[in-house]
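Hi,

Here is the model I said I'd pass on.

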Amino acid sequence: MCLAVPTRIVRIEGEEADAEIGGVLRRISLAFAREARVGDYVLIHAGFAISLLDEDSAQESLSLLEEVGVHTRSGEGAGP
Amino acid sequence: MRYIDEFRRPESVERLLALIRNRSRTPVRLMEFCGGHTHAVFRFGLRQLLPETVSLLAGPGCPVCVTSPTDLDRAIAMSRIKGVTLATFGDMLRVPGSDGTLQEAKAEGADVRIVYSTLDALGIARANADREVVFLGVGFETTAPSVAAAILTAQQEGLKNFSILSLHKLTPPAMRAILDAGEVRLSGILGPGHVTTIIGADAWRFLARDYGISCAVAGFEPIDILLAVRALVENIEKQSPEVVNAYMRSVRPGGNPQAQSYVDRVFHVAATEWRGLGSVPMSGLFLRDAFAGFDATLRFPVHIEPGKEPPGCLCGEVLRGRVEPTDCPLFCDLCSPEHPIGPCMVSSEGACAAHMLYGEA
Amino acid sequence: MPKDTILLAHGSGGRMTHELVRDIFLQHLGNPLLDTQDDAAVWTLPRACPERIALTTDSYVVSPIFFPGGDIGKLAVCGTVNDLAMVGATPLYLTAGFILEEGLPLEVLYRVVASMAEAGREAEVEIAAGDTKVVERGGVDRMFITTAGVGEVPEGVCISGANVKPGDVAILSGPVGQHGIAVMSQRDGLQFSFPLQSDCAPLQGLVAEMLKTGRPIHGLRDPTRGGLATTLNEIAGQSRVGIEIEEERVPVSEEVRAACELLGLDPLYVANEGKLVAFVPPEVEVAVLEAMRRHRYGKEATVIGRATSAHPGRVVIKTTFGAHRVLDMLSGAQLPRIC
């Protein structure tokens, strides 16, 4: 089940939150992303936040487009 | 929309395509493990934009497609029990079992309801104390944590009328099974970005280590997919198998430990039947004894004959990557989205449906 | 506002039926034709008798019956008026048959009928005949409405889905997907709040403006169930032409886009109730577009593609990245995805 959508946390109430995308609000559970704060972006799937989106990493990925030489982001898979 | 628009910019897509075209010399066969990737690739028309040296093959990453006919028959039989409300994700409604679909059972009077989250199913149970709510748990590691959370909540609340039929499956063992079967020669694998958000990029290390195959864990926007393809092409050209995280904003090496702990608490792992793959060891999630009270198979033991594959249907081989949808004799002719014979044509992530609905012009 | 609920007796044809008709239907919808309360409405055709009459019928079973931007009554009036407008007809009269569920609060019926009256005023059309039946609890989901509509087609106007020619330009009157999402946002379980309303609107005025240009219009269709994609496929089939559209040119509001991402839906397949797509010869594109943009329901009108002699019966969409793919008709119901 792969559909997950990036949304911004606008309000937190205990373990639940209101997440916003494009003006649309969705009520979600933060059971798996308890560190999320208002203003953070989370990926939501089937009503649950499954990860906190990391802005720096997103920028890093986009910056790979600028590189003329290709180097892979290894180190997170094959070795330290 | 943040984290979507930046990863769909046409100029960036063109740039990546150019980089891939420049680098790709060796013909490569990449398996898009995840049905969500198959869907995205077709929707954005990426297949025709990639160079000829790169070919993409769909894999078994569609949880609807890999639900065995027997398991589906079991769900349908449960839905027919008087007093049972079967709550399911919409994706499962039109998949043919041995004798009809959940949708047909609904038309014949079974109480089948579509939900968008396990929390909805809990809500139905709370609001209808006189009904026995059975949640049809289909999905991989992305979905399993939410089902575990629902069970824990049900336990805390002392809900007596809620149970689940767990058909949840784990993806790395399926990947192993396909590679062990040796039917397809793969150069690399596009790894499932949301599954891996939960299980962690390290869970795929075995691909490079044990099989010498590269894997790039990919998100679902066009740029995510192309970044992963480019990383795979690079590693293949260098002949240096690696497991790469191309979805850094969401995937961490260890995944999401909070989500994992929910799953570990509620489920144990055992062999289970995958359509197209047969029985795969250590690939199914089943409720632990402590949660036996929420196990629908114990609450509603139904006798089911082993399910049958529809004659002529090649879904199993499509799922293993052995054939393309267009190779199936039923494709488009007898099997279409309006009259699907096998699950690959029903599910929005099924390879056959993607081919037909988003077919290249 | 009446209290109490609909009872089976309200459908029996006796005193209670008559009181219901008087107190709710005539109260809001009353007009000389309806007020006669005969079995059929009779009117004299105008001296300049139209050669061609348009006749349409529709049923409305939407659930929930109240949604942001409208209700089943407004939908019934606008939908029927729009069917007439899509063949270039000026709407004359509608009929409305109501099937009511026992137990329906009278106040709900009152609101729906009042809304129909308001929609009728905007569409400049009256309800000339009506009917009411009541069924047992559970027999219908609160209320169903069936309509018929009659209109006159001006001389020289020949608008049909079968009339589209290769080279015709496809003009969409505004952003798509709003109605379907607005209705869905009211359904249980989805738990999302959508800031926009249904686009439900009568389009006879917009079409009248387009006709006033005096330019030929070949085809018109309002993309309701099944969305824009299904409608384009219908036209491609009827006219035996191919249709090519560009994804980038199809207007979709950010809110609809966001809701579709959340639900796993494609805006091209989501229902609209206040939009039309027009196929016109290329030489009249500018004039028609200008006329549409002057009207409140065509302000965001834009060209989205064209008809072609290639691949007759097929609709092809050019994606944002330049790839071409087939845009098929909706098959089955578009269920929100998890997968």
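**What I found**

Chain C has a mean pLDDT of 92, with 96% of its residues at 70 or more (pLDDT being the predictor's confidence in each residue, from 0 to 100). For the complex, the predictor gives an ipTM of 0.89 and a pTM of 0.89.

Some housekeeping: this is a predicted model, where local features need pLDDT of at least 70, side-chain atom pairs count only at pLDDT 80 or more, and totals for chains, interfaces and linings use all residues. Residues are numbered from 1 along each chain as its sequence is written, while chains are lettered from A and ligands numbered from 1 in the order in which they are written.

In chain B, 4 strands make an open, parallel sheet in the order 4-3-5-6 (strands are DSSP runs of E, at least two residues, and helices runs of H or I, at least four, numbered from the N terminus; two strands pair if DSSP finds at least two bridges between them). Strand 4 (111–115) and strand 6 (162–166) of chain B are the edges, each pairing on one side only. Strand 3 (residues 84–89) and strand 5 (residues 132–137) of chain B run parallel and are joined by 4 bridges; Ala87(B) has Phe135(B) as its bridge partner in strand 5.

Over in chain C, helix 4 (residues 106–123) has 18 residues and reaches 26 Å from first C-alpha to last, close to the 26 Å expected at 1.5 Å a residue (1.5 Å times one less than the number of residues).

Cheers
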